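Student: Could we go through this model together, setting each value against the definition behind it?

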Number of protein chains: 2
Amino acid sequence: MRKAEDILALKGVKPTAVRLNLLEFLLEQDKALSLKEMEIGLLHMDRSSIFRSLKSFEEYKLIHSINDGTGMTKYAVCAEGCNCELEDLHYHFYCTSCEKTFCLMDHPIPSIILPKNFKMTDANMVIKGLCDQCNK
Amino acid sequence: MRKAEDILALKGVKPTAVRLNLLEFLLEQDKALSLKEMEIGLLHMDRSSIFRSLKSFEEYKLIHSINDGTGMTKYAVCAEGCNCELEDLHYHFYCTSCEKTFCLMDHPIPSIILPKNFKMTDANMVIKGLCDQCNK
DNA sequence: CAAGACAGTGCAACTCGATTGCAAAGTTTA
DNA sequence: TAAACTTTGCAATCGAGTTGCACTGTCTTG
Ligand SMILES: [Mn+2]
Ligand SMILES: [Mn+2]
Ligand SMILES: [Zn+2]
Ligand SMILES: [Zn+2]
């Protein structure tokens, strides 16, 4: 597991206590988390502090956000080497049973043929269904 | 252009005044609309009436909703013959310049190879960038 | 054609995730 | 050290979405 401190240093974000705790917590996860879930997992930490740290993290490309259709934005730590460019985009999977949202890091988004003169700069691709744990 | 009355009859939704006006308005559009935009375009109509009509339309598969990441759900009339099954899913395009959200009806979502034992039942695929009008 | 049952509508209130203003606390700079 | 700047905590606010409720319109049945 990569160390929070190293990631902050690498991306040029000042390592405050809040940021270190938050990033460490995010690094432990196997799924993308909502702000609410972070609040619950980090009881001593204030919501707006978490919120603003997330904004910083996103700005400096430590994390990316996912809009899975639940109404709550989810966040996940970027993979090593990710620069949040087009080639780093990947599918996300939302399990309608356990309600977890996963990064399918091994499923990059293929190039999509768009109508003439349309230009892609970003994407939010969410597949919904049952995850392996729930599809039994 | 298909007629609102016919569509309601075909899908088995009672043709009330609100529903006819709303569906006619939606049929005129070349982009997906938010509830707010419908409120503005149909000044005499109440927000919650529009909202509940949209819910009915969606339930009876006259329209589908799109989560384009703007925080406002967009709605678009389904293509003729659409049953809102997996094979009817298509990409959507959100233009970050003009802020229009388009249905790319001619761009069905290809089958995606998922991790072992994951099962897809739905998807929300939004490509972001510049539309042909804005990419100049 | 009533009378009652049922579905649809309009208005106002409310929910809840996201965001912001502001003052206090912490950090950096000169 | 003092001023300048950044971060944090708390409370307030925003806004899309949703709901309760009374009223109205439509349908069903005797
Ligand atoms: Mn991801
Ligand atoms: Mn569409
Ligand atoms: Zn699951
Ligand atoms: Zn555009």
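Student: How do the residues of the lining of the largest pocket divide into nonpolar, polar and charged?

Tutor: This is a predicted model, in which local features need pLDDT of at least 70 and side-chain atom pairs count only at pLDDT 80 or more, while totals for chains, interfaces and linings use all residues. Residues are numbered from 1 along each chain as its sequence is written, chains are lettered from A and ligands numbered from 1 in the order written, and side-chain values use heavy atoms, without hydrogens and water. With Ala, Val, Leu, Ile, Met, Phe, Trp, Tyr, Cys and Pro counted as nonpolar, Asp, Glu, Lys and Arg as charged, and the others, Gly among them, as polar, the lining divides into 12 nonpolar, 15 polar and seven charged residues.

Student: What makes B:His64, B:His90, B:His92 and B:Cys103 ligands of the manganese ion (ligand 2)?

Tutor: Donors are N, O and S atoms within 2.8 Å of the metal (3.2 Å for Na, K and Ca), and water is not among the atoms, so sites may look incomplete. The NE2 atoms of B:His64, B:His90 and B:His92 and the SG atom of B:Cys103 coordinate this ion at 1.9 to 2.2 Å, and these donors follow the spacing H-x25-H-x1-H-x10-C along the chain. Because B:His64 lies in strand E2 (residues 63–66) of chain B and B:His92 in strand E4 (residues 90–95) of chain B, the pair ties together parts that are 28 residues apart in sequence; strands (E, at least two residues) are DSSP runs, numbered from the N terminus.

Student: Are B:His64 and B:His92 buried or exposed?

Tutor: Both B:His64 and B:His92 are buried, meaning under 20% relative accessible area, where exposed is over 50% and partly exposed is in between (1.4 Å probe, protein chains only).

Conventions: Helix = DSSP H or I, 4+ residues; strand = E, 2+ residues; numbered from the N terminus.
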